[in-house]
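Thanks for coming, everyone. Let me put the model on the screen, and then we will walk through it.

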Amino acid sequence: MTTLLHRRHTAEQLNELIESAPEGLIALNDDHRRSLSARFRGVASNEHRRVDAWSVERAGQPSTPFRWGPTTARRTIGNAAFRRVASKPELWISDAVHHEIDDLLLRALSGSARAGSLGSWLSSLSHPALGLVSAEAMNWATQLTEAAQGLDYPWLIPASDAYYDVATARTTLRGRRDLIVERDESRIIIRLRAGAPGKSAGPGLRSDMTIDALAHVDGIAPARFIGLWPEAGVLLSVDGTMSDLRAGARDLVRTAVVQRRARLAIAA
Amino acid sequence: MTLLLPSSPLNVVDALRGDRAARPLANLTSASGLRAQLEDGIYEIIGKSNPDSPLIVRASSLRQSATTTDLSFSAIGRIRGVLINQLLRLHCVGEHVDNAFEEAVDAWRAEVGANELHSRLEQMDDDERARLATDVTAHSVTLLRSLGPLPSRWMPRSTVRATQRLAAGNVVLRDVIDLMMGMNDAHSACVVLLDVTTSPLDEAAERTMRYHALVETLRTSIVPLRTSVFSTATGELWSAGVDHELLTRSCHEVLHAVDQLWKSQ
């Protein structure tokens, strides 16, 4: 049975989703991790593969290769700017975005940024293109600020996304997360999304939640994982139950299978 | 003798800000009624049938008229509109613009890459390109002079997209607001919406203003403070406080657009 919930995006509804998140902690143990690893090992791969919620939502179909652009850079810069604003409340979002971009450019100029990194891409941009990147990042950071300011519970900004290397399966899972809300002993994760949720948004959220649980040092799953689509004014959530975690893991493995088939088809 | 003032006595941002003490309380209750009104109206139009593809309503759907041709919909008009929007985005983040046309083209290239309009721009001969550059520069002077500085505390953001699905996804309202300022607050109405057009203002611009307010209300469930439209062709600003009557009127206009789209399917 799915625990997917759909709500309109308002501060009250978001707080209500946090308030009503299930009690009790569900944890993934070593057996779960071994079982997942065995399943991924069963899907042979010649190269290191990366699976995330986006590839699950696309049912493993190949997408265009990643390249930096104002829309792909906005989350990284916007989240970092939001982190600056949270630690220095006197800072405005626009200033925080500019500081973040300046830091990335300095890193690139000093030779610390590797080729293909965000800093190195930014350093190749013209002045107006950099302005456009700032504009996109500002929109993102403002949406995140609006969401966080309405929360009645303590929250923190994760230092990074959740990454989990599946042992001996040459597979890295990446779970995106933008805010962690602390409620008693449990945690609720919020992920900000652009656009409107599609039919596969639920499986995407479950995958993110499963990866977050796998990346947790004790395997403890978030009590609830909330996807927030400000452009559509929609909130979707899934609960950290064992059945949802299993469904999330199944989707991740299926995605790896489809990716492998697609690679074999291209090779043939 | 004609004297050109360095700046107009009241800029657009000051006009949008208005009197802080006179702001109405946040209206958190209208959105559900408007949504119900739209759902009922759409049911009367399309009934239980399912269109092959969703009927997509945009601000431009409310602008177009079967009996008139709007020159702003020509390729050159659209390119000019896109470039002015890029300049607005750069102004929004405090970027100083020296060469309006070239910098707008640069920003546009970074945003979308290759597309039909972009190819049209690339195919222009030198004369056409020079005419467009002059046109864009003239519009940008009007825009930047009239707009005034955008204070960071107003949290200005540009090209804010919104999507609303109605009638089980059979009708989709899509909108892009050129400039949005202020943050939603549970106590008083704070959000201001601004549409920037390179055409002179007319009745269609009013419908666009109302549409922005409606979609924003449906998206956030909070009625914005003000919705406005600014013409870089004439330097005119039309601004209206958002109330229930304005939103209801926009609902009727959206339903009319849905009816037209349904009949044309």
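**Starting from one strand pair**

Look at strand S1 of chain A, residues 5-8: four bridges join S1(A) to S9(A), and the two run antiparallel. Strands pair here if DSSP finds at least two bridges between them. Strands (E, at least two residues) and helices (H or I, at least four) are DSSP runs, numbered from the N terminus.

Before I go on, the ground rules. This is a predicted model, in which local features need pLDDT of at least 70, side-chain atom pairs count only at pLDDT 80 or more, and totals for chains, interfaces and linings use all residues. Residues are numbered from 1 along each chain as its sequence is written, while chains are lettered from A and ligands numbered from 1 in the order in which they are written.

Back to the sheet partners. A:Arg7 has A:Leu235 as its bridge partner in S9(A). Strand S8 of chain A, residues 224-229, is joined to S9(A) by six bridges, again antiparallel. There, A:Gly227 has A:Leu236 as its bridge partner. S8(A) and S9(A) make a hairpin, with four residues between them. In that turn, A:Gly233 has a positive phi of about 65°.

Is S9(A) enclosed or open? Six of the six residues of S9(A), 234-239, are buried, so the strand is largely enclosed by the rest of the structure. Buried means that 20 or more other C-beta atoms, placed from the backbone, lie within 10 Å of the residue's own. A:Val234, A:Leu236 and A:Val238 point one way. A:Leu235, A:Ser237 and A:Asp239 point the other way.

**Chain A as a whole**

Chain A has nine helices and nine strands. Its radius of gyration is 19 Å, close to the 18 Å of the globule rule for 268 residues, so chain A is as compact as a globular protein of that length. That radius is taken over C-alpha atoms, and the rule is 2.2 Å times the number of residues to the power 0.38. The C-alpha trace spans about 50 × 50 × 30 Å along its principal axes. Of the 268 residues, 45% count as buried.

**The core**

The largest nonpolar core has 131 residues. Such a core is a set of buried Ala, Val, Leu, Ile, Met, Phe, Trp, Tyr and Cys residues joined through C-beta atoms within 7 Å. Which residues have the most contacts inside it? They are A:Ala81, A:Ala141 and B:Leu83. Helix H7 of chain A, residues 127-149, gives the most to this core, with twelve residues.

**Where the chains meet**

25 residues of chain A are in contact with 29 residues of chain B. Contact means C-beta atoms, placed from the backbone, within 7 Å. On the chain A side, ten residues come from H7(A), the largest share. That side divides into twelve nonpolar, nine polar and four charged residues. Ala, Val, Leu, Ile, Met, Phe, Trp, Tyr, Cys and Pro count as nonpolar, Asp, Glu, Lys and Arg as charged, and the others, Gly among them, as polar.

**Chain B in two parts**

Chain B is divided into domain 1 (12-67 + 152-264) and domain 2 (71-147). The bounds come from an automatic or database domain assignment. Over C-alpha atoms, 25 Å separate the centres of these two domains of chain B. Between them, 13 residues of domain 1 of chain B are in contact with 14 residues of domain 2 of chain B.

Notes: A residue is buried if 20 or more other C-beta atoms lie within 10 Å of its own, exposed if 12 or fewer, and partly exposed in between; C-beta atoms are placed from the backbone. Two residues are in contact if their C-beta atoms, placed from the backbone, lie within 7 Å.
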